[in-house]
Each structure stands twice: as C-alpha cells, then as structure tokens.
Amino acid sequence: MIILGIESSCDETSAAICCEGKIINNVIATQTVHKRYGGVVPELASRAHQQNIVPVVSQALDNANVSINEITGISYTQGPGLLGALLVGSSFAKSVAFAMNVPLVPVHHLHAHILAHFIENPVPKFPFLCLTVSGGHTQIVKVSSYLEMEIMGQTKDDAVGEAFDKCAKMLGLPYPGGPMIDKLAKYGNSEAFTFSETDMPNLDYSFSGIKTSVLYFLRDQVKDNKDFISENLNDLCASIQKTLVKMLMNKFLVASKELGIDQLAIAGGVAANSELRNVLLNEINNGCEVYIPKFEYCTDNAAMIAMAGHLAFEAGFTGELHDSPKPRMPF
Ligand code: KG4
Ligand code: ZN
C-alpha cells in the first residue's frame with residue numbers, strides 16, 4: 001500500500017507518502033500571508049492552497065522517489081476546517097483518485113492528530129487518553145482503538161491555542177502567537193503574575209475567562225506605565241503559559257484518575273509547547289506512560305492524514321467521489 005495524504009484544513013498545505021504503514025515523506029508549506037492580519041484570513045488561505053497544492057504534492061512524490069502511478073490510495077482531510085481551504089485539498093484528492101483510478105478515503109482532522117501517535121515508536125497502548133490541543137479544539141479523548149474514540153471533556157468556549165494566540169496579540173506579538181509565547185517564556189519568571197483560572201464542571205474546560213483576565217490586567221498596568229508590556233514581556237509570557245498549561249493538565253489528570261487510564265498522550269499544535277511537554281513528562285514519575293509526538297507531527301501536517309488513511313484502508317474503509325468537505329465535521 002502506498003498512500004498519498006493531503007492536508008489543507010487551515011493555513012498549512014501539506015502532502016505525505018505512507019508506504020506499507022511507514023511515513024517516508026512529509027512536505028509542509030506554511031502560509032505566511034496571514035501574519036500581517038494577525039490571524040488566518042479564510043479567502044487568502046484558499047488561494048494559497050491553490051498555489052501550493054501541486055508543488056507540495058510533486059515535492060512529496062519526488063522526495064519519496066515514488067511516481068504518481070505507484071500510489072494505491074489517497075487520503076485527505078474532509079473536516080473540520082475552513083470550507084474554502086478544505087475544498088482545495090478534497091477536490092485535488094478526488095481528481096487524482098479519479099484520474100488514477102485509485103480508492104480514496106476522507107479523514108477527520110482531529111482523529112488524524114491523535115493517530116499521529118502511530119507514525120513512530122513507541123506507540124500508545126489501547127485504551128489511552130489523548131489531550132488534543134489545537135487552534136480550534138481542546139478535548140480529552142478516550143482512544144479505545146484506531147477507529148473508536150470518545151470525547152470525555154472539551155472546551156465550552158475558546159480553544160487553548162486560541163487563548164495562546166489572543167493573549168499573544170494583546171502583548172503585541174505576531175500571529176501565530178503560541179510559539180512566540182513559548183519562546184519568550186523560557187527567559188521569564190512564571191510566578192511573576194497571576195491570572196484567574198476558570199474551573200468547569202466534569203471534564204470540561206473554559207479558556208475565555210483567562211483571556212479577559214489578561215486583557216483587564218494589561219489595561220490597568222498600561223494606564224500607569226505605558227511601557228509595562230515591553231518591560232515585562234518575558235514574565236508575562238511565562239505567567240500566561242504556566243496558567244494555561246496548569247489548567248490543561250489539572251483536568252487531564254482528573255480524567256486519568258477517574259477513568260483509571262494511565263496511558264497519557266497529547267496531540268495538536270499546542271502539543272508542541274515545551275512547558276506542556278515538560279509537565280506531562282513529569283507524570284512518568286507518578287507511574288504514567290507518556291506519549292508525545294515529534295514537533296513536526298504536532299502542528300498541522302499530512303503525515304498524520306496519510307497514517308489515518310493507511311489505517312482506514314486496512315480496516316476496509318473507502319470514500320466516494322461525491323463526499324463533500326465538512327467544515328463542522330462531527331467527531
Ligand atoms: O493543530 P494546529 O497546527 O492547527 C489547528 O488545527 O488549529 O494548531 C495551531 C495552534 C495555534 O493556536 C498555535 O499558536 C498553537 O497551535 N501552537 C503553540 C505552539 N506551537 C503551535 N502554542 C503554544 N506553544 C507552542 N509551541
Ligand atoms: Zn490541527
């Protein structure tokens with residue numbers, strides 16, 4: 001089986017080749033056009049996907065030394081994501097599948113983030129708990145098999161990646177702010193400032209409160225000292241990051257205890273955060289087994305789509321040419 005995976009749900013155009021269950025190539029074109037707008041502009045994302053899709057797929061094939069004629073199946077992100085962005089990847093995948101007469105399979109973007117854990121060893125054992133943390137989602141998922149996943153808790157408002165990005169914007173940092181906060185936090189004191197955390201019932205999260213807490217705090221401080229942000233930037237980043245990671249981990253550990261599952265994994269763009277990775281790794285000392293994907297498989301990539309496609313084909317699933325993209329695809 002040689003699977004071509006295609007990802008285009010947001011602002012990354014990516015293609016990957018999975019050969020007999022092994023990822024042999026993963027090409028990612030990150031769209032830089034959004035930087036000046038402080039967030040992803042959907043129409044610009046679609047246009048950039050249109051420009052990138054052919055070169056990205058060609059490069060993935062070339063690097064893998066695989067000809068398009070050798071592809072035996074195609075997987076693509078069906079949703080959730082931006083409709084225009086999804087349309088580019090799905091139309092391309094369907095056209096190639098039709099032209100080459102190979103089967104294709106639609107993939108759920110968030111299932112794929114979780115299945116990224118099966119790209120490299122060591123792989124988690126079932127059942128495991130996965131904290132999926134991205135720009136659009138924050139979920140605690142019980143994963144019982146490649147195909148059986150259940151949401152045990154999730155955010156009721158903003159996603160944690162959104163909280164990182166919005167706080168970064170208040171600090172005047174460029175988009176996407178999450179990685180910038182991570183970088184600057186390394187030089188700051190995480191105890192310098194305290195922001196109010198919102199505790200939600202059950203295994204759910206809420207991240208809109210901390211955003212407001214940071215906003216009001218900065219507004220008050222800047223009134224007295226207009227250089228407050230620049231003079232305290234690293235401490236602010238470290239304190240915001242510590243609060244967000246603490247909120248994420250507290251609930252995740254409650255879930256682990258309540259469900260009696262000590263196999264813990266993280267996935268999604270925010271799983272690239274070094275503080276979250278360190279705090280989770282600490283749980284090894286408490287008897288948990290911890291799984292953290294490589295950086296390149298945390299943020300959006302087609303390797304995870306190719307891997308999810310491989311597993312779906314193995315389980316006998318295929319899609320249809322008339323399947324349409326689903327911006328709000330149910331889990
Ligand atoms: O999974 P992803 O690449 O795209 C979505 O499906 O949303 O996640 C993107 C999110 C953004 O909010 C970005 O700021 C955040 O992941 N992110 C980080 C880091 N790297 C990416 N947040 C905190 N620390 C990082 N190192
Ligand atoms: Zn994602």
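Predicted model: local features only at pLDDT ≥ 70, side-chain atom pairs only at ≥ 80, totals over all residues.
1. Residues are numbered from 1 along each chain as its sequence is written, chains are lettered from A and ligands numbered from 1 in the order in which they are written, and side-chain values use heavy atoms, with hydrogens and water left out.

2. Around ligand 1 there are 18 residues, the closest being Gly135, Asp165, Asp182, Gly269 and Asn273; a residue is near if one of its heavy atoms lies within 4 Å. Helices α3, α4 (160-170) and α5 (177-185) each give at least two residues to this shell, and α5 has the largest share, with 3 residues. Helices are DSSP runs (H or I, at least four residues), and strands are runs of E with at least two, numbered from the N terminus.

3. Some polar side-chain atoms come within 3.5 Å of ligand 1, the limit for a polar contact between N or O atoms. For Asp165 the distance to an oxygen atom of ligand 1 is 2.6 Å, for His113 it is 3.2 Å, also to an oxygen atom, and Asp182 lies 2.8 Å from a nitrogen atom. Of the 550 Å² of accessible area that ligand 1 has on its own, the protein covers 88% (Shrake-Rupley method, 1.4 Å probe).

4. Which residues hold the zinc ion (ligand 2)? His109 (NE2), His113 (NE2) and Asp300 (OD) coordinate this ion at 2.0 to 2.2 Å. Donors are N, O and S atoms within 2.8 Å of the metal (3.2 Å for Na, K and Ca); water is not among the atoms, so sites may look incomplete. The spacing of the donor residues in sequence is H-x3-H-x186-D.

5. Both histidines belong to helix α3 (residues 109-115), 4 residues apart, or about one turn of the helix. His109 counts as buried because its relative accessibility is 7%, and His113 is buried at 0%. Buried means under 20% relative accessible area, exposed over 50%, and partly exposed in between (1.4 Å probe, protein chains only).

Notes. Polar contact = N/O pair within 3.5 Å; in protein donor to acceptor, adjacent residues only side chain to side chain.
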